[in-house]
Structures are given as C-alpha cells and as structure tokens.
Amino acid sequence: MPLLRRLLLALLLLAAAPALAGGDADWLYRGSDMPRDAGWTFGTLPNGLHYAVRRNATPQGQVSVRLRMDVGSLMEADNQRGWAHFIEHMVFRGTEHFGDGEARETWQRLGASFGSDTNASTDATQTVFMLDLPHADRAALDTSLSLLSEMTDKALFKPAIVDAERGVVLAEYGRRRELDVRMWDTMRPLFFAGLKYADRDTIGTPETLRGATAEGLKAFYETWYRPERATLVMVGDLDPKVMEELIAARFGGWQGSGPAPKAPDYGKPAKVANPIGAVAYPGSPYFATLSWIRPEDPRPDTIARERRELAELLAERILNRRLEAKARGQAAFISAAVDRKRTRRIGDTTQIAIMAKEGQWKQAMGETWGIVADAVNAPPSEAEIAREIDNIRAAWKAAVEAEPTRQSPQWAMNVVRAVDENDVVGSAPAMLALFDRLAPDMTPAAVEAQIREMFTGMGPRLVMLSPTPLTGLGEALAEARRAAPAARQAERSASLDALPLPAAPGREVSRQAIEGLDATMVRFANGSTLLFKRTDFEKGSVSVELRFGTGLAGLPADRKTLAWTAPVVASTGVGPYDLDGLERLMTGRRMSISFNSAENAWELAGVTTAPELGDELRLLAAKLVAPHWDSGIVERYKASALENFDLSFSSAGARAGREFGGVSHPGDKRWAPVEREDVAALTPAGFEAMFSKALAEGPVEAIVVGDVDLDAVVAAMLKTVAALPPRPAAAPVVGGVVSPRPAPPAAFDHRGDANQAFALVGWSTLGGTANIRTRRALSLAANLVQARLLERLRDQAGASYSPSAGATSSETFANWGIFYAGSELAPDKTDLFFKLARETVAELAAKPVAADEFARAQNPVLSGLERRIRTNGYWLSAMEGWSTRPELIEETRSLLADYRALTPEAVRAAVAKYVTDEGDWSMLIVPAKAAGGVH
C-alpha cells in the first residue's frame, strides 16, 4: 500500500476510533460452556484485534497492559531461528515517531521501571509485551498505547541498531548455563520428535542470529505482526469505556501488510529409533528425565474438559505425594516428581524427573517405576482423593476471599495465559462452585483412569544426566519397567490437639498506638511483643512472623556454623509430628510454616486467615518449645547438597552468587561460602544442637499484618506466644563486620561455557541507622548507574544483556555498606565493563545529573514504593525490630518523604562522600577452560 494512502487510512480510522470499540465479544468463550466472568469486557476491532478490559483498583491508580502477539519461535523458518525474540528486542529500539530508547525513557518519566514494570518475553507460541503503568490517567495511558501501537506496526529496523542489538541478543544467548543448554539440546529433539518444536529454541543459534539482517527482520515482522494476531488486555483503576476508546483510537488504524500468512505445519509426535539420550557433565548430579507425549487436543475449554483435568490434577498430586513420601524414607532417590502438561501447538506430555543419590540411578528408576506401577494397577484410596480435594478446595476458598484485592498484573496475565493455552477465564466464586460440582465425580476409578492415561502415548523416552558417561541405559530402563508395584504408605491422622498448649494464658502489660502508621505495639508479661497492622491489601490473608535471638549477628565470626541449613528447620516437624504428619495437620487449612536466618534474628513465619490465626500461632509457638527433629530430612538435605555442590561452579553467574557473600564480608566466616567438607560434616545431631539452642533463645517479637482485628490477634497471642515461659536472653551481637577495602580483583573461575564471565566492581559505604537519608540517596544513585550502564554497555556496545547496580547496607553493623555494579558478559568484555562502571560512578560524584535523567530514576522508585507500601509483605518487613529499636519506626515514617526530597545534588554529594572517597574493590569470574584454572 502506498505510504500516503496508508497514512490517510490510519488518520481516518483514528478519527472514527471511539465508535469502533465493541465488535465480537464472544471470541474467548466460543465453543465453551464454562461460566463467564462478567467483570471482563471483551471486544474485537474491525481489523481483527481482540481485546479484554477490566476495572480493578489494586494497585490504586495503576493500569496493567499486556499485548500478546500470536508469534513465537514456531513461526520461524530454519534460517530465521531466534528472530521472533530478536524482533521483541528491536521494537524497543525505535519506531516511526519514537526514537531509539525513547520508549524506555517515556515510561520511566511516567514512573514505570525498566525490567519490572516494562518488559517483554518470547517463547515458542507467543510474544508478550508487559506494562504496569502507575498513576495511569487517560493522558499517560494514551501516550503508552501510542508507543505500543507503533512498536507493533511502525517499528524501524535500522541496520546500525540491528547490529548493536545483535550483540545484546548474543550476550543473552551466551549467559545461559552450559549444562542447561546441553540438557535441553538433548531432550528437545528426543522428547518432541516429529514436531517443529523439536528444533526451535527460542533464543535461536549463533549462525541465524548473526545472519539476521535489517531487511530480513523487517520482513518477518511485517508477515507476523498483524492485528488479527494480537490480543490486548488492560486491567486497572480506570473506566473500561475509556480503555475501549483508547484501544480503538490507537490500534484501530493498524492494518496488516499483504496477505495473512498460512499457519505453519507444527508437526505430529513421531516414533524414534532410539528412545535414550545421555549427557555426561563433570560435577553434575545423577538425574533421569522420563517422558511420554501424545498429540495436542485442540478442543476448547468446557466443563467436560475441566472434569477430566481435575481428575488429572488429583492423579498428579497423589503420585507426587507418594514419590515424596518414599524420598523422605529409605530411597535411592533424593527427589522424584511427575509433571503433566498440555502445550498448544506442541502436545500433551508427562514427564518424571528423578534425582538419584550418588551412583544409585538404576535403583532410583526402579523405585520410581514401582510407585507408578502400583498407581496404574490399582485405584487410589478414597482417603488420598479426599485429602487432595480438601487442599484444592482450601486454595479456591482463599482465591474467592482474595479476589477483591487481586493485583491488576495477575488479572491481565490470566487472560494472556488463557489465550495461549486455549482456555477461558472465570471468577473465583464461579470456579469454586464448579469445583464443588465436579468433586463428587472424582471417584477412585475416575482418578485411576487418568493415572493410566498419563503414561500412554509415545514413550517412555529417557535422558540421563551423569557426572561421567554411563553404559547400559536401555537395559536399565527396561529393568526399571519390570519393577513390581510398590507398597503404599499407611494412612494416619494428625490433630492440633497433639501440639503443646500453655496451661495458663499470658498477660498483656501495655498497648501503644504507633502514630501516623496505623499500627499498634502490645507488650506482654513474659517479655514477648506484638507488632500489628490491620490491612485490606490482601483480603482474607494474614501474614505472621515470630522473630527471636540475634540470627547471624550472634554467631561466631571466626568459624563456620550450620546457619546455611536454616531452611530445613521448618521441615523437621513439630511436637509428635514429622513432615508428613505436619502436612496432614494442615490439610484443608490455610496454614504454613517456614524458618529463616536473618542478619539480626531467627524468623518463624506463616500465612493464614483470620479464623485460623489462633491455630497458626499455636503451630509456630509449638515449634519454639517442642520442635521435632527428623534426622531423615537432614540426611536428605545433605545428600542433595552434595549431589548439587559442583553446580555452584557451572557458570559465571552461579560462581558469582557463591562467592559474593565472602568477598563483600572479608574475613567473616558467617558469610563465607559453604565448602564440600562443610556439607560432608553435617550430622543430624549437630543440626539439632545448633537450632534447638536458636529456637530457645531471646524474647519473641511477633509481627501480624493483614485482614484481621487487633482484639482477635491479642486473644490468640495470649493463648500461645504470650503464654510461653519467659525466655533466656539471646546471644550477644558479634561485631567487627567491615566493608571490603580497596584491593586487586578477587579472581575465581567457573567450569562452564568458555564464553561466559562475570565482573563486579564495588565501593565501601556505611551502615547503621544514623544516616538513613544518605543511604537512600545512594540507593537512588545505584538506579542512575544501572540506567547509564544499560545505555552504554547494552544499547551502545552490545556487550551485556542486563548490567545491574545496587546499594545495600546493614542496620545492625554501622560500618558495613557497599555500592556496586556487576554484569555477566563475554571474557573479552570485562575490561570494558570495569572502565564504563568506574567512569559512570566518577561522573555521578563529579556533577549532578540533569533534571530529566534524575526524574527518570526517581519516578519509578517513588511509584514502586507507593505500590509496595500497600502490601502485607512490605509491612511485615518494615516493622521488624520496632519493639527494641524505635529509630526504625522513624525510618518507616520518613521513607516516601525522603525519596521525594532527594535532589541531584544530594545524590552527587552522597556518592562523592561515601563511594568515590577511596578506591574500589572488585570480583572477576573467568572460565577455567580459557583461564588455566584460577581458584
């Protein structure tokens, strides 16, 4: 079409746009008898674009936009592999009316941060553009939709920018872990033989990425980016009619170029001559993946399909519970799990993933198959089905309670997923009603039928990962398939009545309102404290945290401890119950338990509801006074840590994550990396000795945030935490923590891809609570550094996919704080990174940034904080320590005001005084394959 005619058509459609909204409103539900969600407004523009809009006020003022393009790697020809993803990158790099980088800068001015509020993803079947726009009035949303519409219809593919972005895409290709690549390159052609998906890795190949030209990418874009292949979803704090008008105004003039492309041949599952694949990778665990595949069922989502899929879900959950029970006992495998998945345009698959103990891979496959053999030969018990039904019903009830405060991004992605998976969307009350209608149909025979069906089709096919090459894989698979059906675990009951409960209630001694923060502090006679805030951010949800002791700060600095095993504590059980008993105790309830080691406390936490808060507090309190110590759980954790230990060295990013704590806390064993000998030395007795002491020490600070009344919380506390005997004082804080000093790079190697490296440069700053405004200025400075590195290292040099920067400090240790920048990149680009990072930080210290650049850094921070303070998670974290350190209350009060008051000069001064006042320190991770083995 001639350009003048095309522009004229666009202008005419734009002028008439408000009248174009509406159209086909049945597109998502066509062929389905599922109940519709009346909260959505669906429509279709005359050009074929489908849309769905919904009003939702959580978060307040925000509108979430998801634009799904029906184009992914399955639409690529052999020489175009990776191009759908390449184009996802390119449309951010300039359009007819928006210059290179202008989309990112525009959204930053509007308060949307790059990477979290604005992002995109591509997979086999779709490309999705995601925007969460705070303060989304009509003007801001119109600007944003104007940008999105140009990205899908008027993107420019300038050769110079294509070449620059090629480097970014190749950097993204190169940052993948070598082991993952080798595994997937082995599994995909074997498990998906006969399907186009078998040789369509979304990232593409170096050859096809280097061969992509501006003309070729533009042609692919014009072919597949068409309105009839687009679905636009908008959810947020705005009138749906306004959303419809804006969609019509900005997308109504979009017309596809040329005839619509024919649907690709996606292929059909095919037989293979050899169903066995193997990957030998030094340091890997023994890991078997078994797969079955069946043709895709393209029929729409109906009640009949939901009935079948509920039976499948029950079958999967029952099998996985049996496998998990075996793994907790005397098993040859550390873990095993079944995963059933339907993927549109690919197929219906069942996979079993098995991590075996050292050298016991044959026995592990046999034991797993024995459990499968039992499942396909005899129906599950009514008790097993009832247990899973109770848990699913509890989850749906929670969803019903939470629906009024469901976040807009969740609503929007639900529609995107439904379109991609050939599903529909329904309200939580309607889905709970449907579940209750279908649950009586879930008989042992119905679930058994689905278990059998899961293991039909083409398979089993096996890919075996091992640290050294193995032989006899085919024979081992055949032997495993002859395994006799395994015996089932006996049923047992569990009751809260078996947990200890103090004989007499506690006593409240004071109550204090925290002015300006709508929170309350209650102190009790046994030394415990309650910090409480009622919220309606998450309807029906209550978050609980018990803090006690001094955590890492109370551990010795000159020797290692078992603090690294803290996540296991919750799983070892409570009172008379091991983990299985604990799970049975919580069946059909909304209760949970976790344990964590914080810098200045140990933490027990859970999420529950107002009616069950008393039981949740009873459970957590029982963990303090009557912990169960299941040695099998500890031994299993040890076996897993040993099997996976070498994976910490398998990529530049993994090695950096392993070493960062030690480098940033020099000489302090509390942050030193865990070595193999540390894991080997772990014993259940040593574990129990450390954590029984930790659980018994220090007054308890309870934090409760959520949809519950204060009087109910106090009443529950008086029966549980506040009724416990007074607790001994916690271990004193061990000081002496200092930030790293200027030094040559701390050099390490990794054993993965020779094209991967990681570089980090840092500066020591400050900690404590006395300089909170300075610490906040440094945090904003880190955002400025990251934005400049994105432009210089990524956009201009094409040397890195995602450079990052940060500022973090300790409120416990006044002398510890760091400011840093880091990136994964090719080994020959590390010098460039160090140069650009140091120059960028020096520039910030020398001269205040311009007002526009400052706003583009400050606005996303402010909008992010405004949204975060309306979550339970924020307040659970913010209130930590209030009972003993009142200055933390003032920090919370001043949060938004401090960030709003920051100026370019204040940020410059903070960087000059606390970052560039002395030299830097750095960390460099290089490939062992090219570096000669630096350790």
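Leaving aside its neighbours within four places in sequence, with which residues is Gly806 in contact?

## Surroundings of Gly806

In this predicted model, Gly806 lies in strand β21, which covers residues 804–809. Its contacts beyond the four places on either side in sequence are with Ala782, Ile818, Phe819 and Tyr820.

Gly806 has a relative accessible area of 8% and is therefore classed as buried, the cut-off for that class being under 20%.

## The six-stranded sheet

Another part of the model contains an open sheet of six strands with mixed pairing, arranged in the order β1-β2-β6-β3-β5-β4. Its edges are formed by β1 (41–44) and β4 (118–122), each of which pairs on one side only. From one strand to the next, the twist averages 15°.

Arg68 is found opposite Thr231, a residue of β6.

Helix α4, comprising residues 138–153, packs on the sheet. The helix touches β3, β5 (127–133) and β6. The direction of α4 makes an angle of about 10° with that of β3.

Conventions. Residues are numbered from 1 along each chain as its sequence is written. This is a predicted model: local features need pLDDT of at least 70, side-chain atom pairs count only at pLDDT 80 or more; totals for chains, interfaces and linings use all residues. Side-chain values use heavy atoms; hydrogens and water are left out. Two strands pair if DSSP finds at least two bridges between them. Helices (H or I, at least four residues) and strands (E, at least two) are DSSP runs, numbered from the N terminus. Axes are lines fitted to C-alpha atoms, for helices over the stretch in contact, and angles run from 0 to 180 degrees between N-to-C directions. Contact means heavy atoms within 4.5 Å. Buried means under 20% relative accessible area, exposed over 50%, partly exposed in between (1.4 Å probe, protein chains only).
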